[in-house]
Amino acid sequence: MILLNPRQHRRAYPDERSREVMLRTIAFFERKGKRRLKEDDHGRVWYADFLEFVKNEGIFATMCTPAGYGGPEARWDTWRICEFAEILAFYGLQYWYTWQVSVLGLGPIWMSRNEVLKRRAAQRLRDGGIFAFGLSEKEHGADVYATEMTLSPTGEGTYSARGRKYYIGNANQAAMVSTFGKLAGTGEYVFFVVDPTHEKYECVKNVVNSQNFVAEFALHDYPLTEADILAKGDDAWNAALNTVNIGKFNLGWASIGICTHAFYEAINHAASRRLYGMHVTDFPHVKRMFVDAYVRLVAMKLVALRAADYMRVASPDDRRYLLYNPVVKMKVTTQGEQVIDLLWDVVAAKGFEKDMYFEMAARDIRALPKLEGTVHVNIALIVKFMAGYFLNHRPYPPVPRRDEAANDDFLFDQGPARGLGQIAFHDYAPVFAGYHLPNVAVFVEQIAAFRELMTAATPDETQRKDIDFLMALGEIFVLVVYAQLVLENTRLYAVDDGLVDQIFDCLVRDVSRFAVELHGKPTTTPAQMDHCLRMIRKPVADPARYERVWQEHVYALKGAYQMNE
Ligand SMILES: Cc1cc2nc3c(=O)[nH]c(=O)nc-3n(C[C@H](O)[C@H](O)[C@H](O)COP(=O)(O)OP(=O)(O)OC[C@H]3O[C@@H](n4cnc5c(N)ncnc54)[C@H](O)[C@@H]3O)c2cc1C
């Protein structure tokens, strides 16, 4: 079974410590139970119990210390990080968030050449510390160029930091806060570390109403020396972007964890509820919503797993991950919203009940497309790869499933964030050609129509500058990449053809939907509109396949998991 089920956790691990981390984390939450989990959520209780558990078990130290800085089992291993993120969000996005912002806070530290700060971070991890990433500012949102936090030289390698940061997770209790700013005078970017217990650090307030502490903090002429600086100039800028590259990938895994738990609750509820003399799961529209939710969720997971393989093979010579990573961030998280919407339509009032995990899922799933770069910011990034993806092909060595115990060194040495348009890709066509399934075939015809739009009715200069138009175009391009990643993994995970075809039933409808969007944009030309109409296709219905997917995959999950009370 591809979905996480904490009751039957049978994943293969290359080492015992990785298994132990996952099983103990699951055991912590199951012991805590759903009633207390929800009480803490409603009471907005700081998760001290979870952080105590993490400290006692050395969990963040194992998971977040690169090889060489911690114990023998410590390494930065994307394969096990994915699963850890999934488990945390399965039990609550708040638990995932305190870990996630620690990952972000550690990013510029592990990327730095400042060995003293790296050793200090490793020690703080062993002590059970959490970390924070101070990038965002209240007035500037996604516009990081406009950063106002300023570091002014005060002579002989000393500085004074002044400014404010906003929406900074863990900034109340972090052992180290990685803070982004500019050097006074030169305007050069700089990353430095501050300590929330310092008298010149003011934790102004929590700006959210939740268990998380998402802070506004201010530095009031906070004194620093060269020893507190992580990076300057291009290195600081690259550290900001490259940290977000690593971190934002985890948002897809949070969506997967949330949707999986919500799915179990929904199927358990609907399958045992009788209305008008029948089970709710016997209503044809309910069945359809469950099948769509399930296949979308499986696709989310296949894509995120495959993108992780590309993160692990990444090198200066293979930067394809820079496309697949924002696809996970933007598409997996918005698919997560769609899954919850479908399930919520099924469970209806039950989704509001205070004792249900679902109530948290319905709220929290909305956050993931918005954190660490909105959907728009990520599509704007993704379209930069479009020409390379379709036209600049070169062979790469095959990428197998990358589940070995290895430290992903390159992630902390990604180099300049420039040159995205020059990245070459392997040809996607053979990936699709390897499948002879009706809906894959329809999808391939849709891609052909999209490519023709791009080559025969190429967007003009005005359209290329119109972000609204580009968003609609980008949504279709994302679907092509998404479908490629799905197919690359279906064989690796032995997904049966019926399920694959059912996934493509959804993808065909999605292309049609975005083709209608693009058709309706004010500047779309008649020639482009013709290509859009060719992209609007009906999936191939196969009642026997649909019924098999329902019985063997979806309905089969009834009773498969229920959290301890
Ligand atoms: C709960 C929570 C926790 C957070 N934790 C942290 C944290 O720990 N550390 C941290 O540094 N930040 C954190 N953030 C900030 C988060 O990363 C920002 O929300 C995000 O960068 C977007 O900024 P914004 O929400 O202010 O949107 P804005 O930047 O104000 O965007 C407004 C609109 O403009 C669009 N837009 C902006 N730029 C572009 C572009 N280039 N192309 C296309 N469209 C664009 C956006 O999509 C959006 O629709 C957190 C935010 C929240 C809500």
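## Close-up views of helix packing and strand pairing

**View 1. Packing of helix α14 against helix α18.** Helix α14 (residues 438-456) and helix α18 (residues 526-535) cross at roughly 170°, and their axes come within 8 Å. This is a predicted model, in which local features need pLDDT of at least 70 and side-chain atom pairs count only at pLDDT 80 or more, while totals for chains, interfaces and linings use all residues. Residues are numbered from 1 along each chain as its sequence is written, and side-chain values use heavy atoms, with hydrogens and water left out. Helices (H or I, at least four residues) and strands (E, at least two) are DSSP runs, numbered from the N terminus. Axes are lines fitted to C-alpha atoms, for helices over the stretch in contact, and angles run from 0 to 180 degrees between N-to-C directions. The helices α14 and α18 are therefore roughly antiparallel to each other. Angles under 35 degrees count as roughly parallel, over 145 as roughly antiparallel, 65 to 115 as roughly perpendicular and the rest as oblique. On the α14 side, the contact involves Q446, A449, F450, E452, L453 and A456, which meet Q528, H531, C532, R534 and M535 in α18; contact means heavy atoms within 4.5 Å. By class, the contact of α14 with α18 has 6 nonpolar, 3 polar and 2 charged residues. Ala, Val, Leu, Ile, Met, Phe, Trp, Tyr, Cys and Pro count as nonpolar, Asp, Glu, Lys and Arg as charged, and the others, Gly among them, as polar.

**View 2. Packing of helix α4 against helix α7.** Helix α4 (residues 78-91) and helix α7 (residues 233-271) pack with their axes 7 Å apart, at an angle of about 45°. That angle makes α4 oblique to α7. The crossing of α4 past α7 is right-handed; a crossing is left-handed if the near helix is turned anticlockwise from the far one by less than a right angle, and right-handed if clockwise. From α4, the residues T78, I81, C82, A85, E86, A89 and F90 meet residues of α7, including F249, W253, G257, H261 and Y264. The residues of this contact of α4 with α7 divide into 11 nonpolar, 5 polar and 1 charged.

**View 3. Packing of helix α4 against helix α8.** Helix α8 (residues 284-313) and α4 cross at roughly 150°, and their axes come within 9 Å. The crossing of α4 and α8 is right-handed. T78, W79, C82 and E86 of α4 make the contact with K301, L305, A308 and R312 of α8. By class, the residues of the contact of α4 with α8 divide into 4 nonpolar, 1 polar and 3 charged.

**View 4. Strand β4 and its pairing partners.** Strand β4 (residues 176-183) is largely enclosed by the rest of the structure, because 8 of its 8 residues are buried. Buried means under 20% relative accessible area, exposed over 50%, and partly exposed in between (1.4 Å probe, protein chains only). Strand β1 (residues 131-134) pairs with β4 in the parallel sense over 4 bridges, and A132 stands opposite V177 in β4. Two strands pair if DSSP finds at least two bridges between them. Strand β2 also pairs with β4 in the parallel sense, over 2 bridges, and L183 in β4 is the bridge partner of L151. Strand β5 (residues 189-194) runs antiparallel to β4 and is joined to it by 6 bridges. Here F180 stands opposite F191 in β5. The strands β4 and β5 form a hairpin with 5 residues between them, and G185 in the turn has a positive phi of about 90°.

**View 5. Strand β3 between two antiparallel pairings.** Strand β2 (residues 150-155) and strand β3 (residues 158-169) pair in the antiparallel sense over 5 bridges, with S160 in β3 as the bridge partner of S152. The hairpin of β2 and β3 has 2 residues between the strands, and E156 in it takes a positive phi near 50°. Strand β7 (residues 214-225) pairs with β3 in the antiparallel sense over 9 bridges. S160 stands opposite P223 in β7.

**View 6. Two loop residues with positive phi.** R44 lies in the loop between α1 (16-43) and α2 (48-57). Phi of R44 is near 55°, a positive value in a residue other than glycine. R44 is partly exposed, with a relative accessible area of 44%. Y276 lies in the loop between β9 (274-275) and β10 (278-279), and has a positive phi of about 50° although it is not a glycine. Y276 is exposed, with a relative accessible area of 78%.
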